[in-house]
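Hi,

Here is the structure I promised to pass on.

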Amino acid sequence: MGAVCGTPNAASADAEVNVADAARPALRPIPPCETGDKTVVALGKFDAMHRGHRELARAAAKMGAPHLVSFGGMAEVLGWAPKLAVVAETDRARVLATWAEVCGGKTPGEVVVPFADVRRMPPEAFVAFLKDTLHVSGIVAGSDYRFGFKAAGTAEALRAIGEAMGLDVTIVDLLPSGEDDANAAAAEPEGSRLEEKDATAQVSSTRVRACLAAGDVEQAARLLGRPHRLVLDASETNAEETTATTATRAFPLRAARNQYPAVGTYEGEFPAAKANGERIRVAVEVTETDVAVTAPSADDLAAFAGEIEFLKSKTR
């Protein structure tokens, strides 16, 4: 694992940012890195933690100590319907640790700023918040990034405002999704084709979600830069069945801690390797009510710790 340059507890809000809630403690600055690198933040939603997000982290790492800054509570504030995260909360640190390889040995930190406390800031005030409250010296964002009240600020405005405040700002081009061409897409089964609005030309969390909703775990993996990992609460078991050749355990959908793929059957594996270094291959069936995991033996199923990586769609 690469060096980690401190991630503060960002659950509370800055009292100066939201004066209507002065009883809430102030958001602490991002702790300075032990190596002396300046604090650099990559801005985004970071729901899927996909390849495009990794490129933002890579750019931030070239400038200093990288941190992802996202905004919590957006769904509640904006009235969006709740939905499962693409990456389970308990799995985010693992993903960040894998990014150290492309971040010069630096494991990015994470900061979650309460959206309610910054949503009405004009662009200039938001950049000042990053500098004066979080003690940021550099900023990275994608070329489509919008910020400030009613998304008034563009990426180029971010560059101009940041540089005027003495901050280093890098704008990163969007990463192409690498989709198959239109003819190949048209050849896909009707039930697995994406709606036009979801077939984005760049890597995006929307595109990852759409792939999972269509059962296309292979394309989701290409967008993520890794197999999609589902985390289940292993204590919530519906049923278990063992035969001479297989062992199956079913979990209710409520046991899922992040987004599962569409109804269908998939090839997967347990991330934790056996003593000989091999991973246990499993079959995963997603239904309207359950996720059923079938391993080669009861001993193999006993090794299940609640995490499955999806490798291939068998039926969807």
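**The cavity**

The largest cavity has a volume of about 50 Å³. A cavity here is a set of points on a 1 Å grid over the protein atoms alone where a 1.4 Å probe fits but cannot get out, and its volume is the space filled by probe spheres set on the points, with grid points joined across faces, edges and corners. The structure holds 1 cavity of 30 Å³ or more.

Before you read on: this is a predicted model, where local features need pLDDT of at least 70 and side-chain atom pairs count only at pLDDT 80 or more, while totals for chains, interfaces and linings use all residues. Residues are numbered from 1 along each chain as its sequence is written, and side-chain values use heavy atoms, with hydrogens and water left out.

Which residues line the largest cavity? They are Val 86, Val 87, Asp 91, Arg 94, Leu 224, Arg 226, Pro 227, His 228, Arg 229 and Asn 258; lining residues have an atom within 4 Å of a point. That lining divides into 4 nonpolar, 2 polar and 4 charged residues. For the sorting, Ala, Val, Leu, Ile, Met, Phe, Trp, Tyr, Cys and Pro count as nonpolar, Asp, Glu, Lys and Arg as charged, and the others, Gly among them, as polar.

**The overall picture**

The protein has 9 helices and 14 strands. These are DSSP runs numbered from the N terminus: helices are H or I with at least four residues, strands are E with at least two. Of the 316 residues, 47% are buried, where buried means under 20% relative accessible area, exposed over 50% and partly exposed in between (1.4 Å probe, protein chains only). Among contacts with a separation of 6 or more, 71% come from residues 24 or more positions apart; contact means heavy atoms within 4.5 Å.

The buried ones are Val 217, Gln 219, Ala 220, Ala 221, Leu 223 and Leu 224. Their cover includes helix H1 (51–63), helix H7 (205–213), strand E11 (264–269) and strand E14 (307–315). Just after H8, Gly 225 takes a positive phi of about 85 degrees.

In helix H3 (residues 92–99), the buried residues are Arg 92, Val 95, Leu 96, Ala 97 and Trp 99. H1 turns up again here: the cover of these residues includes H1, strand E3 (65–72), strand E4 (106–107) and strand E5 (109–114).

Strand E13 (residues 290–295) has 5 of its 6 residues buried, so E13 is largely enclosed by the rest of the structure. E13 pairs with strand E10 (residues 247–252) in the antiparallel sense over 6 bridges; two strands pair if DSSP finds at least two bridges between them. Ala 247 stands opposite Ala 295, and the partner of Ala 250 in E13 is Ala 292.

Strand E12 (residues 281–286) also runs antiparallel to E13, joined by 4 bridges.

Strand E9 (residues 239–242) pairs with E10 in the antiparallel sense over 4 bridges, with Ala 239 opposite Ala 250. E9 and E10 form a hairpin with 4 residues between them.

**Aromatic pairs**

How many aromatic pairs are there? The count comes to 7, taking rings of Phe, Tyr and Trp (its six-membered ring) with centres within 6.5 Å; planes under 30 degrees apart count as stacked, over 60 as edge-to-face and the rest as tilted. Phe 251 and Phe 304 have ring centres 5.5 Å apart and planes at 55 degrees, so this pair is tilted. The pair links distant parts of the chain, with Phe 251 in E10 and Phe 304 in the loop between helix H9 (298–302) and E14, 53 residues apart. Phe 251 is buried at a relative accessible area of 0%, and Phe 304 is buried at 6%.

Phe 304 forms a tilted pair with Phe 270 as well, at 4.9 Å centre to centre and 35 degrees between the planes. Elsewhere, ring pairs link Phe 71, Phe 126, Phe 129, Tyr 145 and Phe 147 into a cluster.

Cheers

Terms used:
On a 1 Å grid over the protein atoms alone, a cavity is a set of points where a 1.4 Å probe fits but cannot get out, and a pocket is an open set with protein on both sides within 12 Å along at least five of seven lines; lining residues have an atom within 4 Å of a point.
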